[in-house]
Structures are given as structure tokens and as C-alpha cells.
Amino acid sequence: MDFMETYLFYILAAVTVIGTILAITEKHPVHAIVYLVTSFFSLATIFFLLAAPLVAMFEVIIYAGAVMVLFMFVIMMLDLGRTDEARRPVLKQWLLPIILGGIILASIGTIATGYAAAPHPSGALTVRDFAETLFRKYGVAVEIISMQLLFAVVGALYLGRKGKP
Amino acid sequence: MIVPLAHVLILAAVLFGLGLVCTLVWRSNVIMLLIGIEVMLNAAMLVFVGGSNHWGMADGQVFALIIMAMTSAEVSLALALVVYLHRRKNTVDVDEFRELKD
């Protein structure tokens, strides 16, 4: 049973990476967002495999649900989804960013593979642990996040209203 | 732990690199640029959740949740800005927005 989860992790990792590659090379924004939703779903399953069921649920609900729908809403509101106007950046523009990303990837890969992980306690992480950490240890952070969301709503309302801000 | 921490870190590095490439390449469409930022934030969340699983502490999951709340605030503000900029210049090309005055 354990090795099945390991195989599942690698399969889902491949799905995530391929979905993201298809999303960032797609010239049509709506298709890119649908690919990205696929990628986020498999990432949510990876979170579930890594013993974080709540984060997996929130990934599906908030990311794949709310945030991507917000993107889709703006694309449709501004009428950016036209196929004839969509164009991909030329090949010359891809070269340098890919080199930069490759350097970052290679350096992180080198560090990660040469990293001797410290022994870890073998206690299973439950939702109860998560909730206690969230509301006891980081209770102030929850309050600050709620204030931040309120400010974001006020800012979005200010920017989105009619007339000149 | 079903896989070594190094493999989770490598997956996160691949995702982060892809997000970075997307952000650097798509200057012609600010929506795709924001998608690149989303991908990078997801890679950071994957590192937090992987570390939380590896060390058996829930702090990483809490930070993943906080990143998610931060992202929803960021996206709502950024998309309001996109709507505002599109109303001003009728385009989403980032290179068009290079001057402070209109």
C-alpha cells in the first residue's frame, strides 16, 4: 500500500509539471487557465498524499475554484479570449528566461539532492494538530489575514469603481 | 513520508522555474504574467507542506494556508488593477504601461 502512494506521487508530479508547461506555453488565456486547473487538482492530491488534507481541500476550493474563476471572469469581462488576436511571444524571448529558470532549477536540485535530511519524529499529523497550531500558536496571524482580506476588498472596490480614482 | 524530501523539493523547484519563465516571457499579456506568479506561489506552498510532513509539525500547513489567503487578496487587487489599466489604455500589454502620467 505504501509503494502505491509513492508511485501515485510521481504520476501526479508528472501531471502537475506537464499541465503547467502546457499552461505557460498556451497562447489562449482561457485554455491556459483550464490547464492550470488540471495542474492544481493534481497538486491538491499531492498535498493530500503529504498528509495535509485541509490544505488540499482549500487548494481545490480557493485556487481551482475561486481564484481561477476570478481570472476567467476578468478575461471574459475584458474580452481577452479572442483566438485571432492571441499570439505567443517569439522564440527569442523564451531563450533567456529558460536559461535563468534552468540555472535556478539546477542549483536547487543540487542542494536538494546533497541535503542530508535530519531524522524526524514519526507522529502522524492530524487535522487536530493543524487546528491547534492555527488557532493557538498563530491566532494573531489569522486576525491579521482577516484584516488583509478586508483591505484587499476595499482596494479592489476603489480601483474598480466608475470614474477616475 | 511516502517520498524523500528531496523529491518534493525538486518538484517544487521545477514548478517555481516554470512560473518564473512564464512571468519573464509573457510581457504581452498581464493575465499570463499573474498566472506565472500563481504557479510560483504554489511551488512555495508545496515546499511548506512537504517540510511540514517531513518534520511532523503542522506549522508548514498553517503557512500554506496563510499563503493561500495572501494569494486571494493579491489576485483580487491585481485583477482590479488589470481592469483599471484596460479601461485606461484598452490593452493588457505590460510594455504599454511605462509612463506615470496618462
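Read along the sequence, chain B follows the pattern α-α-α, with 3 helices and 0 strands in the chain. Helices (H or I, at least four residues) and strands (E, at least two) are DSSP runs, numbered from the N terminus. This is a predicted model, in which local features need pLDDT of at least 70, side-chain atom pairs count only at pLDDT 80 or more, and totals for chains, interfaces and linings use all residues. Residues are numbered from 1 along each chain as its sequence is written, while chains are lettered from A and ligands numbered from 1 in the order in which they are written.

The radius of gyration of chain B is 17 Å, well over the 13 Å that the globule rule gives for 102 residues, so chain B is more spread out than a compact globule. This radius is taken over C-alpha atoms, and the globule rule is 2.2 Å times the number of residues to the power 0.38. Along the principal axes, the C-alpha atoms of chain B fill a box of roughly 55 × 25 × 15 Å.

Chain A has 6 helices and 0 strands, in the order α-α-α-α-α-α from the N terminus on. Its radius of gyration is 20 Å, well over the 15 Å that the globule rule gives for 165 residues, so chain A too is more spread out than a compact globule. The C-alpha trace of chain A spans about 55 × 40 × 30 Å along its principal axes. Chain A is divided into domain 1 (1-107) and domain 2 (125-165), with bounds that come from an automatic or database domain assignment. The centres of the two domains, taken over C-alpha atoms, are separated by 24 Å.

The mean pLDDT of chain A (the predictor's confidence in each residue, from 0 to 100) is 86, and 92% of its residues reach 70 or more. Confidence in chain A is lowest in α4(A), at a mean of 85, and highest in α2(A), at 92.

The contact between the chains takes 66 residues from chain A and 57 residues from chain B. Two residues are in contact if their C-beta atoms, placed from the backbone, lie within 7 Å. On the side of chain A that touches chain B, two or more residues each come from α1 (2-25), α2 (29-49), α3 (53-78), α4 (91-113), α5 (127-137) and α6 (139-160). The most come from α4(A), with 13 residues. By class, this side of chain A has 49 nonpolar, 14 polar and 3 charged residues. Ala, Val, Leu, Ile, Met, Phe, Trp, Tyr, Cys and Pro count as nonpolar, Asp, Glu, Lys and Arg as charged, and the others, Gly among them, as polar.

| Helix pair | Axis distance | Angle |
|---|---|---|
| α1(A) and α1(B) (residues 5-25) | within 10 Å | roughly 5 degrees |
| α2(A) and α2(B) (residues 30-55) | 12 Å | about 5 degrees |

Axes are lines fitted to C-alpha atoms, for helices over the stretch in contact, and angles run from 0 to 180 degrees between N-to-C directions. Angles under 35 degrees count as roughly parallel, over 145 as roughly antiparallel, 65 to 115 as roughly perpendicular and the rest as oblique.

α1(A) and α1(B) are therefore roughly parallel to each other. From α1(A), the contact uses A:A13, A:T16, A:V17, A:T20, A:I21 and A:I24, and from α1(B) it uses B:L11, B:V14, B:L15, B:L18, B:V21 and B:C22. This contact has 10 nonpolar, 2 polar and no charged residues.

α2(A) and α2(B) are therefore also roughly parallel to each other. Here A:P29, A:A32, A:L36, A:L43 and A:F47 of α2(A) meet B:I31, B:M32, B:I35, B:N42, B:L46 and B:V49 of α2(B). The contact of α2(A) with α2(B) has 10 nonpolar, 1 polar and no charged residues.
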